[in-house]
Amino acid sequence: MTTTLHTALLERVGGDPELLGDVIDIFLETCPPLVETIRQALARRDCSAVRRGAHELKGSAANFDATDVAALARRLESHTDDQDVQESLHVMATLDTEVTLLIARLAEIRTAL
């Protein structure tokens, strides 16, 4: 799957491996702090901050065809609308796992560039 993802992402940036590397580097740098910001906002029950962070993560993940991460971020956005904290905590736990997998895949692609 990583090879297919690598090819798709490379096509997305016009076949420019340097540009793809830069885009991946930005994501790898910004994603972990963003996830932590969402986690902290959820712990504070700051639904507005959770929605903002989840929205940003959803867009960033979509750049890498990370549909699982984007879908979970979308769910986190919608659950905080209802202030369903328990469901949001469950979604956050699953999101953590999926983000970790995405970071590993992107790091592998970055190394191969």
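**How helix α2 meets its partners**

Helices α2 and α5 pass each other in a left-handed crossing, where left-handed means that the near helix is turned anticlockwise from the far one by less than a right angle, and right-handed that it is turned clockwise. This is a predicted model, in which local features need pLDDT of at least 70 and side-chain atom pairs count only at pLDDT 80 or more, while totals for chains, interfaces and linings use all residues. Residues are numbered from 1 along each chain as its sequence is written, and side-chain values use heavy atoms, with hydrogens and water left out. Helices are DSSP runs (H or I, at least four residues), numbered from the N terminus.

**α2 with α5**

- Two packed helices are described by the angle between their axes and the distance between the axes.
- For α2 and helix α5 (residues 85–112), the axes come within 10 Å and cross at roughly 165°; these axes are lines fitted to C-alpha atoms over the stretch in contact, and angles run from 0 to 180 degrees between N-to-C directions.
- α2 and α5 are therefore roughly antiparallel to each other (angles over 145 degrees count as roughly antiparallel, under 35 as roughly parallel, 65 to 115 as roughly perpendicular and the rest as oblique).
- The residues of this contact divide into 17 nonpolar, 2 polar and 4 charged; Ala, Val, Leu, Ile, Met, Phe, Trp, Tyr, Cys and Pro count as nonpolar, Asp, Glu, Lys and Arg as charged, and the others, Gly among them, as polar.
- On the α2 side, the residues that meet α5 include L20, I24, F27 and L28, where contact means heavy atoms within 4.5 Å.
- On the α5 side, L89, M92, V99 and L102 are among them.

**α2 with α3**

- The axes of helix α2 (residues 17–43) and helix α3 (residues 47–62) come within 9 Å, crossing at roughly 155°.
- That makes α2 roughly antiparallel to α3.
- Here too the crossing is left-handed.
- Among the residues that meet are F27, C31 and L34 in α2, with A49, V50 and G53 in α3.
- This contact is made up of 12 nonpolar, 2 polar and 1 charged residues.

**Two buried residues**

- K58 lies in helix α3 and counts as buried at 19% relative accessibility (buried means under 20% relative accessible area, exposed over 50%, and partly exposed in between, with a 1.4 Å probe and protein chains only).
- Which residues does K58 contact, leaving aside neighbours within four places in sequence? They are A70, A73, R74 and E77.
- The side chain of K58 makes a polar contact of 2.7 Å with the side chain of E77 (a pair of N or O atoms within 3.5 Å; within protein, one must be able to donate a hydrogen and the other to accept it, and residues adjacent in sequence count only if both atoms are side-chain atoms).
- H6, in helix α1 (residues 2–12), is also buried, with 18% relative accessibility.
- Not counting residues up to four places away in sequence, H6 touches L20, I109, A112 and L113.

**Two loop residues with positive phi**

- R45 is in the loop between α2 and α3, and its phi is positive at about 60° although R45 is not a glycine.
- With a relative accessible area of 45%, R45 is partly exposed.
- D65 sits in the loop between α3 and α4 (67–81); D65 is not a glycine either, and its phi is positive, near 55°.
- D65 counts as partly exposed, at 38% relative accessibility.
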